[in-house]
Amino acid sequence: MAQAKINAKMNDASKGKFTRTMSMADRSGRLLENLDQVEMRVEALREEASAMEQERESLIEMIQSIQNSQEMRSICDGEREELSLTASRLMGRALTVHVSVDTIRNDQQEDALKKAIAIIDEIAAKMLEDMEASRKSLQALYAACVTDAPPVPMDQKFQSVVISCALEDQKKIKRRLETLIRNVDNAEKTIKVMDHQKVDLSSLANGK
């Protein structure tokens with residue numbers, strides 16, 4: 001009888017221990033599942049914030065394009081002043097939106113990003129001096145950021161720098177180069193139109 005009671009107590013203790021172990025495992029599993037869901041939401045949040053950041057950049061670029069467009073120069077002073085005020089108001093409101101997605105980088109990636117920015121900034125600073133040369137340099141940098149075979153020469157030195165950057169930084173570098181190339185193209189078109197107008201005005205002045 002005594003032995004039966006001892007066996008019963010041992011069985012009860014064993015059952016309790018087994019139950020507690022399963023409970024901890026279940027709890028751990030639920031916590032892991034919750035963290036997995038949170039991780040998905042965090043990544044979705046970063047993607048949405050990044051999209052908002054790109055939308056802000058796009059809107060600012062559009063406003064600047066309108067402000068510097070040939071159409072803006074070709075209208076009367078009164079209409080140009082009104083449109084300029086509207087564009088300035090929209091620019092001010094766009095600049096009040098601050099969206100930032102920080103990128104986690106190691107020391108090598110941080111150094112690579114600084115080098116990439118310095119290379120781009122150096123070319124951007126000389127854009128007004130020689131637009132054609134700047135566009136070719138920017139295209140060579142952009143070719144280093146795409147996977148398809150580029151139709152223009154590629155800057156291999158810049159490619160090695162970009163590859164060392166974090167993935168999110170690589171995307172931002174590519175977007176900035178796209179913006180700069182568009183700005184150069186738009187500026188060249190404006191200059192050509194203005195030069196053409198000068199020729200027409202010169203011809204009229206000479207009675208041709």
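Residues are numbered from 1 along each chain as its sequence is written, and side-chain values use heavy atoms, with hydrogens and water left out. Because the model is predicted, local features need pLDDT of at least 70 and side-chain atom pairs count only at pLDDT 80 or more, while totals for chains, interfaces and linings use all residues.

**The overall picture**

The chain has 7 helices and 0 strands. Here helices (H or I, at least four residues) and strands (E, at least two) are DSSP runs, numbered from the N terminus. Read from that end, the elements run α-α-α-α-α-α-α. Of the 208 residues, 21% count as buried; buried means under 20% relative accessible area, exposed over 50%, and partly exposed in between (1.4 Å probe, protein chains only).

**Helix 5 and its neighbour**

Helix 5 covers residues 131-143, which makes 13 residues. From its first C-alpha to its last it reaches 18 Å, close to the 18 Å expected at 1.5 Å a residue; that expected span is 1.5 Å times one less than the number of residues. At the start of helix 5, a side-chain oxygen of Asp 130 comes to within 3.4 Å of the backbone nitrogen of Glu 132.

The buried residues of helix 5 are Met 131, Ser 134, Arg 135, Leu 138, Ala 140, Leu 141 and Ala 143. An α-helix has 3.6 residues a turn, so residues three or four places apart point the same way.

Helix 4 (residues 107-125) runs past helix 5, their axes coming within 9 Å and crossing at roughly 160°. Axes are lines fitted to C-alpha atoms, for helices over the stretch in contact, and angles run from 0 to 180 degrees between N-to-C directions. The two helices are therefore roughly antiparallel to each other, a term for angles over 145 degrees.

**Ser 160 in helix 6**

Ser 160 sits in helix 6 (residues 156-163). Its side chain reaches the backbone oxygen of Lys 157 at 2.6 Å.

**Two cysteines and the accessibility values**

The structure holds 0 disulfides, a disulfide being a pair of cysteine sulfur atoms within 2.5 Å. For Cys 165, the closest cysteine sulfur is in Cys 145, 8.8 Å away, which is too far for a bond.

The table gathers the relative accessibility of the residues discussed here.

| Residue | Relative accessibility | Class |
|---|---|---|
| Arg 135 | 18% | buried |
| Cys 145 | 18% | buried |
| Ser 160 | 43% | partly exposed |
| Cys 165 | 4% | buried |

Key:
A polar contact is a pair of N or O atoms within 3.5 Å; within protein, one must be able to donate a hydrogen and the other to accept it, and residues adjacent in sequence count only if both atoms are side-chain atoms. Angles under 35 degrees count as roughly parallel, over 145 as roughly antiparallel, 65 to 115 as roughly perpendicular and the rest as oblique.
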